[in-house]
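Subject: Structure for you to look through

Hello,

Here is the structure we spoke about. Please open it first, then read my notes beside it.

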Amino acid sequence: MANEFIDKSNNDAGNFTVNVMGIEHAAPMIGLPDAAVYPFSLASVTLDKKRDIAAFQEALAGDRQLAVFYRIPHDAAEYEALLQPKFRKDGYSFCVMGTLARIVKNVRLPDDSYQVVLRGLKRIVFVSDAGTVSDPVPRVRYRVQVSSDGEDKLPGNLARQDALKAMFMEFSTLHPALPEELRNTIGNSRQPSRTCDFIADGMPFSETEKFFLITIPELRDRMDYLTVLMNREIEVARLGIKIHSEVQEAMGESQREFYLREQLKCIKRELGDLGSGSDIAVLNDRLNEADIPEYVADTVAKELSRLEVIPQNAPEYHISYNYISWLLDIPWRKFTEDKLDVADAEKILEADHFGLEDVKKRILEFLAVMQLKSACGDVRAPILCLTGPPGVGKTSLGRSIANAMGREFIRMSLGGMRDEAEIRGHRRTYVGAMPGRIVQNLKRAGSSNPVFMLDEIDKLAHDFRGDPASALLEVLDPEQNNTFNDNFVELPLDLSKVFFIATANVLEDIPGALRDRMEVIKLSGYTSLEKREIAKRYLVKRQIEANGLENKNVRFTVAAIDEIIDGYTREAGVRELDRVIAKVCRRIAGLYLAGSYDGKKVIQVSAKTVNELLGARRYIKENVAANPLPGCAVGMAWTGVGGVVLPVESVAVAGGKGELKLTGSLGKVMQESANAALTIVRSGAGKYGIAQDYFTSNDIHIHVPDGATPKDGPSAGITMTLALTSLITGKPLVKNLAMTGEVTLSGRVTAIGGLREKLVGALTAGMKNILIPEENRKDLEDIPEYVKEKLAIKCVSSIDEALEYGFGKRKFPKAGVIE
């Protein structure tokens, strides 16, 4: 019969012919995307769509019959080619051929879906919708496909049935897991149509192929297509068995080969005949090719002869093998060729680091000495210690030195190290013994003359397992490290060609004996000007690239960089500055993606932009000495992160007993400085016009703000003395004055340390007039010129001289002039 009842607008099938009964029927409809229901077969399906559940419930309340059609997924191109023609309903495409099924069993699941067992009854053909669009229950009108008895009795179909049965039985022998009941059902079937459906339902075909088998109207065509699929499955099964057999055979061969090889090893071990592929043969080859000292070669040969008589499964075998491997891995005589060109090294240091002129000068001096001594072959590498606050470029300087010399760079962190074996290695008697990290890093570098950085040497610890600092004495002693002894290696190792560079934040935390073995180079904090240049040259560019803004034309103004330095960072180095710039770039990246910069060819970052992106300033720059009050003075202090100014305040409490009260978390040394200052002021009361009964009728309280921070050090005497004198005389000190220096009871001002950091901190804080000890005049040579040009520095030798300048009796020199 022609398919005049098919909606030709929804299919591309051309002509579609099927025998159907003329009577139309109506039934609730469900659409299945992943389960095929064949006539006379059972199928378990899950119904979770609202309209499918409504159709199921209506059928359950009636004759329990459902019209099952096969929903074609939107993205399944393979369905489009096979399942033709089709009709559309509820926004989906369905194949016009389906199955009339009866509900056998159902279970309601916790999520209100249903698991339903259906038994296929007949093939049906869609005619038309039986409901409206608003009808909650999908219904269709269908006709039953007529399968004449003549088709089942045709000789060709009977022959096809026999062939299919034989193929299924062959497949079942290849797949023993198929149910025995299915085999019996197919074997006893006498109708080709039922046999075809039973086999199609039981075979592991794809859902597409199973659906297609339902939609083929002619039995002969259906059986021919099924024959093609069965042939394919049998070939796949045969190939799978063949592959499995080959794998099993290969595994058996490999096991047999393993056993034979083990026996061969035992025989060769007994005969002393070493094969070229054995462990010992490989080690022998490496020994012959290695460029090692004679005493190392003798030790390796001795260990190899011992290894030959040790059973391979004995623990000693692996210990000895590991020891020999390490001896052959150490680069005893492997050296990289040095590029000792001071001019090139200077260019590299200048390109990598801004400022640090004194540091770079001293490094170039060491390289110059090495360049001169290389002519006579005696090149002993120096042992340097770079000390300074975090973020000033100590580690990166080490990398630049390695780059300038053409050497490998190795970095080893010593922070928190407390086990001596980390340096000297473990003795081989211990389980899991290995060389120390000095030897391990030399192996990693592949040369005996790398630039070796010992990072955070001031943070070594020690406990009952030993003292790593003591173990480092041999490593860093130029007179001993040419015969360094590792507990694991147990052979002298020459470290004299290694360029050791240690780094530390606090020099005083390094043990004295260890500090004595190194040439100390101090890296002070950067000034605001230096930080600005570093940000312009390196940090901004790096963070723009790191945050994906390199093609967005982002530009930071000088004012923006200054705003970040002054308002959002307070450090000696540039590590926090780098993080804040990165934060600004991240905020810009987010705004760029949000469309805030649409239409802008250049994204200009100004000081105002910085405030908008980062919020209010974290640090308010307050000049504590701009308008000083009586009793107040400003000192200069050194900290682990650079120099800072330290305000000192004092008040007198009438009606007291002459007691001195100190607050502000002052250490013992600063407390003694305060007591000495009070004694100096009392002893000179006559010179300053102070009545002696003042000290017996008043209590004096000295306070150093920021009381939560501990403070100590031998440089606050001059500040305490001038603050007390200002308090008692009621006269304020001159404006923008900062000072540093310790005083003796005789009134002499003595030298202090950390002058460079203190002057940089004073300049950053806005100070203009500086008092320092005369004994520190020599240290001014190391102060950068741009720092000295902005400060009026007066060197004083006595407290009387300091008082004259402090109270304005004598004028400070002009900025940039030192007296």
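Is R232 buried, partly exposed or exposed? R232 is partly exposed, because its relative accessible area is 34% and the band for that word runs between 20% and 50%. Please keep in mind that this is a predicted model.

Salt bridges

R232 has a partner, E233, and the two form a salt bridge in which the closest N and O atoms are 2.7 Å apart. E233 is buried, with a relative accessible area of 12%.

The structure holds 40 salt bridges, and I will describe a few of them. One is made by the side chains of R532 and D562, with 3.0 Å from N to O. This pair links distant parts of the chain: R532 sits in helix α19 (residues 528–546) and D562 in helix α20 (residues 558–568), 30 residues apart. R532 is partly exposed, at 25% relative accessible area.

Another salt bridge pairs R748 with E775, and here the closest N and O atoms are 3.4 Å apart. These two residues also come from distant parts of the chain, 27 residues apart: R748 is in the loop between β23 (742–743) and β24 (749–750), while E775 is in the loop between β25 (769–773) and α28 (785–788). R748 is partly exposed at 43% relative accessible area, and E775 is partly exposed at 38%.

There is also a network of salt bridges, which links E24, R141 and R143.

Surface patches

Which residues form the negative surface patch? They are D358, E365, E781 and D782. E365 belongs to helix α13, which covers residues 357–373. With 42% relative accessibility, E365 counts as partly exposed. A residue needs over 30% relative accessible area to be part of a patch, so E365 passes that cut-off.

A nonpolar patch of about 260 Å² is made by L239, I243 and V247. L239 lies in helix α8 (residues 219–271) and is partly exposed, with 49% relative accessibility. An α-helix has 3.6 residues a turn, so residues three or four places apart point the same way.

A covered helix

How many of the residues of helix α29 are buried? The answer is six of its eight, so the helix, residues 799–806, is mostly covered, buried meaning under 20% relative accessible area. The buried residues in α29 are I799, E801, A802, L803, Y805 and G806. Just after α29, G808 takes a positive phi of about 85°.

F40 has a phi near 70°, a positive value, and is found in the loop between β1 (25–32) and β2 (42–47). F40 is partly exposed, at 38% relative accessible area. D112 is not a glycine either, and its phi is positive at about 70°. The loop that holds D112 runs between β6 (97–108) and β7 (114–129). D112 counts as partly exposed, at 45% relative accessibility.

Last, look at D341, in the loop between α11 (315–329) and α12 (342–352). D341 is partly exposed, with a relative accessible area of 33%. D341 and L367 are 26 residues apart in sequence, and their C-alpha atoms are 7.9 Å apart in space.

Regards

How values were computed
Residues numbered from 1 in each chain as written. Predicted model: local features only at pLDDT ≥ 70, side-chain atom pairs only at ≥ 80, totals over all residues. Heavy atoms only, no water. Patch = residues over 30% accessible without salt bridge, like charges linked within 9 Å, V, L, I, M, F, W, Y side chains within 5 Å. Areas by Shrake-Rupley, 256 points an atom, 1.4 Å probe, with all protein chains shown as cover. Salt bridge = Lys/Arg side-chain N within 4 Å of Asp/Glu carboxyl O. Lys, Arg positive; Asp, Glu negative; His and termini not counted. Charge placed at Lys NZ, Arg CZ, Asp CG, Glu CD. Helix = DSSP H or I, 4+ residues; strand = E, 2+ residues; numbered from the N terminus. Buried < 20%, exposed > 50% of the residue type's maximum accessible area, 1.4 Å probe, protein only.
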